[in-house]
Every structure is written in C-alpha cells, then in structure tokens.
Amino acid sequence: MGPLTAFIAWTVSSYACHQMAKLFLTNVGIVTSHATPVTTAAALTLVQIFFCWLLTTTTWETKTTDVDEDKTNPDVTNARLRANYRVALVMHVLSTFLTNWSLARTEAASTLAIKLMEPLVSAVAQRVWHGEPLSYNVWVSLPLVIGGAVVFVSDDPLSVQHALSAGVVLAMGSNVLLAVRNLAIKGLHSAHLNLGLRKFTRLVAWLLATVLVVILIAVWWLQIADIVSRRTSLAVTSLLLSGAFHVTYSLISTSVILRALDVVSHAMANVIKRMLVVALLYVSGSRSASVVNAAGLTVAAVGLAVYVRGKAEGRPEMCSNNTSMNRLKDLTCFHLPKRWFLVASLLITATFSLLLYNADVDLRKQIQTVSCELKDRFVGNNNFLRDPQHIALKDTSIQNETLSPFGLRWPPVPQNTSLLQEWGEFLSMDYTRHPFDTDRLAPTLHTNDEVVWELQRLHVRVLTSLLAGRRHAMLMDFATYENKGDPAIAAGQVALLKRFNVTIVFSCSTGLCNDDNLTKAREISKTYNSTSLIILLQGGGNLVGYADIDFTREKILNLFPDFPTILFSQSIWLNNGNQAHLNKCREIYSQRENLTIFLRDRQSLGLAQKHFPGTKLMLMPDMAFGLGRVPRTMPPTHDILWIKRSDSESSGYKVPEIPTNLSVYVGDWREWKTNQGNTPMETSFLIAFNGLSFLQRGRVVITDRLHGHILSVLLGIPHVLIDNPPYFKLSSFRRTWTAGLSNTVLVTTGEEALDQAQKLLKKYNNYLPSVVPS
C-alpha cells in the first residue's frame, strides 16, 4: 500500500468509524430508554475490540543488533517487548472506550477536534518516557491548540463550563492513552512487529461473511415486518460497520502509518487526517459550524503547525544526542521534507475553506429539496386564484393534506408556485442559525391555510433541529385553568410532539409541578441521558408577568441542568408592578446554556435580548398553531361574539351601544365553564376544545384576548382584534405573524371594533353560516 493510498484509506475509515459510532450511540439511546452514555460506549467498545481480536493477529521478531546494543539476553528483550505489547493493548482498549464515551456525550466533530491535541500529548509522554526535552515551539503551540479546541467545541465560546464538558474531558483522556499506546507500539516496531489481518481458510471466511450478512438481513427484515423499529435496525447496522471500520483505521494507523513515518511525520499526517475527518463530519451535517467555531479550529491548526515545524527542524540533532532513541533511529530520525509543510498548509487551507463553504450545507440541500417538491407538485399549476374578498374563507387545495392526531387538519403546501419559488431560500433556511429571522414570510400571507401552514412549518423545522432525534420528553406546567388559550397551547404542544413520535414520560400541570412531583420527575430522568430526553416548559403570556410561574420554572431549570430545555413560545409582559420581579427573572433566565426560549413576538424578543443574556433565544409563533386548521362543527348563535377581558391586561375600553338589529354576546370565556376530565391532560384538552366551541357561537368575533385571535385563525372565523395599550400584546403578535390575513382587523377602541365587525359581516355574509333561530 503506497503512502497516499494509505493516508486516504486512513482518513476515510476513521471518518466512517466515528460516524457509524455516533449513529449507533444516538439510535440506541432512543431505542433503549434505560441506556446511559457509559453503557452504550462500553457496548460499542466491546464490539470494536471483538472485531480487532477476530480479524487481526500480532507477532514480532527480536533483532540480534538490538540485543547486542542493550547487552541483554533475548529473554530480557522479549520480556520488555511483551510488556510493551501489554501496555499498547490496554491503552488501545481504554482509549477506544474513552473516545466512544466522549462521542456519546458530544458531537463527533468535537471529539475529533479535541483529539487534535494528541501530538502535543505525545510530546509530553516522550519527555516522560524517553527524557526528550520539550522545545520552545511546544510551549508556544500548547496554549494555541488547547484554546482553539475549547473555542471550537463550544456553542457559546464565552462559556468555559460548556466547553470543558464531560465529553471533552473524556476525549482529552483518550489523547493521553493513545500517546502511551503509540510509544509502546514504536518500541515493538524495533522488533519487527507484524500486525496484520488474520488469515482464515476459505471456509471460515465464507462462514463469517455469511453470519454477518444473515444478521443484517434479519434485522432489516424485522424492520420491514414492523417487529423492530427503523432505529433498531440502524443501531445494529451501524454497530457492526463501526467495528469493521475500527479495525481498518487502527490497522492502518499502527502497522502502516506509524511504521512508515517518523514520529513527527506521523503527527503531521494525524493532524491532516483529523482536519479532513472533521470537515467530512461537517459536510455530512453531523454538526453545524459557526465562524467562531471555524476560527477556533484554525487556531488549533496553527498551533499544531508551529509544533510540527519546530520538531522537524530540530530532529536530527536530537536524534544524534539522545542515546535512548538510538534503537529506533532507523524509524524516527528522518528529517521531514519541507514540501510536507506546503502540502499540509494547502490541505488545512482547503479544509477550512470547505468547512466555511459548507457551514450552510443543510440550507443548500433543503433548497434543492424545495425545488424538487415544487417541480413535482406544482409544474403546470399556474391557476392559483386569489379572491381578495372571499379567499380568507376558502381553503387552498386539500391535496396531500395531513390529519393531526386529533382529527384536525394540517394544511398542505400552498399551491402558489410563484410564492414558493420567490421564498425558496427562506423556506430552506436553518432557523437555529438565524433565530431572529423566522417571521419574514408569514406577514405576507393572506389566507388562513397559508398562515397556519407557514407557522406549523416553522415549528416542525425548528423542533426537528432541537429535538435532534430525541424521542422522550417531559412536559412541565401545562395549563388546566379556564383561560381557554393556555390549554390550547398545551394541546398544540402535544399535537406537535405526536407528530414527532415523541413520548411524554412525565408531565405536570400548573399547581402540580410541586416539589414531590418534581422529585419524581428527577428520578425518572435518571433512566435517560441528554441525547434521549428533553425538558419542555409550557408556552403562554406569563414570562416575567406572573411571579409564581417564573419561580416554578426556576426550580425545574435548576433540577435538570444536564438536559436540553425549551421554554415554548412566550410573551413578556412588563408593567409598573413587576419591575422588581424583572431583576429576579434576569437571574432565572440568563446564562442558561441548556435553555432555549421561544419568544412569540418581536416586542418580547427585544425585551429578552436586553434582559436575558447568555441564553439561546428564538422568534417563534404560538404553540397553539400546532393543532392545525379546525372546521366549524356547530352553527353560530349570535352575529357577533365579543370576548372582553376584565383583568389587569385589559386596556379598559368601553363597549358601545349595540344596534337592535344585531345579536351580540359580550363576555369572557373564563366564565364559560368546562367539565373536568379524569386526568389533568384530559382536562386541558376539554378546556381547549371548549374554547373552540365558544368562538363558533359567533358568525364573526371581536376579541381583546390573543388566543381569541389565534383560535379564530385556526377556525377561519373573520374577527376584530382590540389592542391593549400600553402593553400592545395583540398588535405585536399580529405584526409579527398574521398581519397579511385579509379577514382580520386591528383596532384600539370598542366603537371601532363594532364598526369593523359589522363590515366583516357584510363582506363575508354569503360565506358565513346563518345564526340558529332563537
């Protein structure tokens, strides 16, 4: 095998091994709820080491010159070599386990980036093992590599706590063990180490291949027969492939690369190989890279280049003066040609160009997906009609629509080719990288179906990224009180989780998220790991404005610091009476590295950006949209249903005199009582759907409650929103998401509201159901 071929095979097999290992660890953590990172890493290591035992063999021959030079008899030399072999074997097993454990706790790209420090660790190990002094270049390069690696692995480069996570520490531990392993193997190379594939008879080889194929076929057949899940078959397949690729790259590294190159050249090759592997992991979408991450990796690469350059220039003198290394002079005392530095620089430059170029690789893939979808769905369909008077009450084509888990309708992709082509780039964005740009399309849409489709699309895209394959969740603090909007949020959240096949392993409603129940939740969480379980907090309009709920969230956040947590879409309500509590909320919600907060309007987003630094924030629509479109199921009993709240969030407007020819109901839906269910979750759903029934009592609706607006959008009922200055909760939400709807009007007074409602009655009279006889 030539040097270039060996290097390419080394790089590809290393990438494949770590990618398959990560795939196994991710899927087995989802399939087996009780699996922990350490147990899954141990299982993976056992399989990989079994493959090594099964497929490789090791022998060595003692050279007479070495025995004469050491003035020892062959038995002593062989004893030393056997000790080296044992050390190499133990270090290989332990380093493999730590690497896999690290992969179970962090991204594959992060683990490999930390392992870029291995050459420097090797230098320190050589100083201890052989007494080789550390040069000035090592002391210069060491902080560069460590600092760059820490910046690279951190989502928040300013957070050392996150960067120095358990996964990173494990990867660093693997570095130390691999350095000792390589030194031990280098000693074995002086005795003509023969490490290669085990030779099987043709019968045994065919038998092993048959067993492997039968296992894979059996697993995939079980999946097709719906006996096991797709993730189970993926876990088994990736486990076996990881074992095979582990043997491949370990064999090339120890018996080809480490034998053919001196120590410095091997370090350079290892650097280039891992740079390319990290780039491949980015290209494959295993992790998204920011410019800061790329800069950190670049700094690490520069530090390594400084180290390798210094070692290469000083190598001949060190070899001639260090008698402890003379035994290996035929293997280690070659001066590294300068053209290697040119090749290394070009490869590293190409790697980072590729990394930055592919920072939006998912975006480009998704653009292609949208383009293909447009071509398949909409070619030849240029007759998307838009009636400005009546389109708000008409659904777009129901072709390929999806039913929600509760029998409601999730609107299909709008049959508006020009719109989708115009917004193709936005539709394909990774919103976790652009968390404040999610509202660009929604305010331009005019129909209920289009708006609901777009807001659900945002939910699905973002949750796909944040769930990251997790299939278990805890839903905290969901609403069971008569404010119909908050239970509707809970129902929408559950509908979305059903859409992702996420199992709610624990839930507690408002008032029942007490210490006893949270202690139970903590015990349940111990059977999961951070790659299989996510904590979800109820959305609403109570962030900062309601102190008791903030204190409950504080308990939950402090109880689950090791699990990713999402606070679903919230509005921030600031008034003169809660400024002191705002200071407490800064403590609760700031610098939470495991927390993502959804803000449901730009006004709230601005407040969160000002008051909650160090926490991930995203502009996201209200979670009640997760329910989908809701058909009218009952005829109206009034011309106008008027929701008028009387609490502290009301602007205090007056209801004008009602014309005698209109049937108008004025009241708050909190007074429209709901029967209790057998469980808190059933009660929440009963209240939510009672709210939908409440709104259907009017041909049109007037509302000063935000969810009167949102649920009317889901129902397709024309309605008037009355804003609530000085808080502007409704107008801020409408401006962010629903400003384009043609069947909604925003006003600030009762007189304006009544006037606009009568105009809506006249505008949509032919499309609205008639009032039932009194």
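## T96 in helix α4

T96 sits in helix α4, which covers residues 74-105. In this predicted model, T96 has a relative accessibility of 7%, so T96 counts as buried, the cut-off being under 20%. What does T96 touch once its neighbours within four places in sequence are left aside? Its contacts are T45, Q48, I49 and H246.

Stepping back, the protein has 774 residues, and 54% of them are buried. If you take contacts between residues at least 6 apart in sequence, 79% of them link residues at least 24 apart. The accessible surface is about 32600 Å², and carbon and sulfur atoms account for 60% of that.

The mean pLDDT is 78, with 69% of residues at 70 or more. Residues 155-164 have pLDDT below 50, and the model gives this stretch 16 contacts beyond near neighbours in sequence. Residues 315-400 also stay under 50, and here the model has 147 contacts beyond four places in sequence.

## Helix α10

Helix α10 takes in residues 202-224, 23 residues in total. From first C-alpha to last, α10 reaches 33 Å, close to the 33 Å expected at 1.5 Å a residue. After α10 comes D226, with a positive phi near 60°.

E482 belongs to the loop that runs between β5 (472-478) and α20 (485-499). Is E482 buried or exposed? With a relative accessible area of 12%, E482 falls under the 20% cut-off and is therefore buried.

E482 and T674 are 192 residues apart in sequence, yet their C-alpha atoms are separated by 7.4 Å. The side chain of E482 reaches the backbone nitrogen of T674 at 2.9 Å. Neighbours within four places aside, E482 is in contact with W669, R670, W672, K673, T674 and I687.

## Strands β14 and β15

Strand β14 (residues 698-703) and β15 run parallel and are joined by three bridges. Across from H719 in β15 you'll find V701.

Side chains in a regular strand alternate between the two faces of the sheet. In β15 (residues 719-722), H719 and L721 are on one side, while V720 and I722 are on the other. These four residues are all buried, so both faces of β15 are covered.

Most residues other than glycine have a negative phi, and most peptide bonds are trans. A few spots here go the other way. D477, not a glycine, has a positive phi of about 70°. D477 is part of strand β5, and its relative accessibility of 8% is under 20%, which means D477 counts as buried.

Q591 isn't a glycine either, and its phi is positive at about 55°. Where is Q591 found? Look in the loop between α23 (579-589) and β10 (595-599). Q591 counts as exposed because its relative accessibility is 53%, over the 50% cut-off.

Then there is the peptide bond between P725 and P726, which is cis, with omega at about 5°. P726 lies in the loop connecting β15 and α27 (729-738).

Conventions: Residues are numbered from 1 along each chain as its sequence is written. This is a predicted model: local features need pLDDT of at least 70, side-chain atom pairs count only at pLDDT 80 or more; totals for chains, interfaces and linings use all residues. Side-chain values use heavy atoms; hydrogens and water are left out. Helices (H or I, at least four residues) and strands (E, at least two) are DSSP runs, numbered from the N terminus. Buried means under 20% relative accessible area, exposed over 50%, partly exposed in between (1.4 Å probe, protein chains only). Contact means heavy atoms within 4.5 Å. A polar contact is a pair of N or O atoms within 3.5 Å; within protein, one must be able to donate a hydrogen and the other to accept it, and residues adjacent in sequence count only if both atoms are side-chain atoms. The expected span of a helix is 1.5 Å times one less than its number of residues. Accessible areas come from the Shrake-Rupley method with a 1.4 Å probe; for residues, only the protein chains shown count as cover. pLDDT is the predictor's confidence in each residue, from 0 to 100. Two strands pair if DSSP finds at least two bridges between them.
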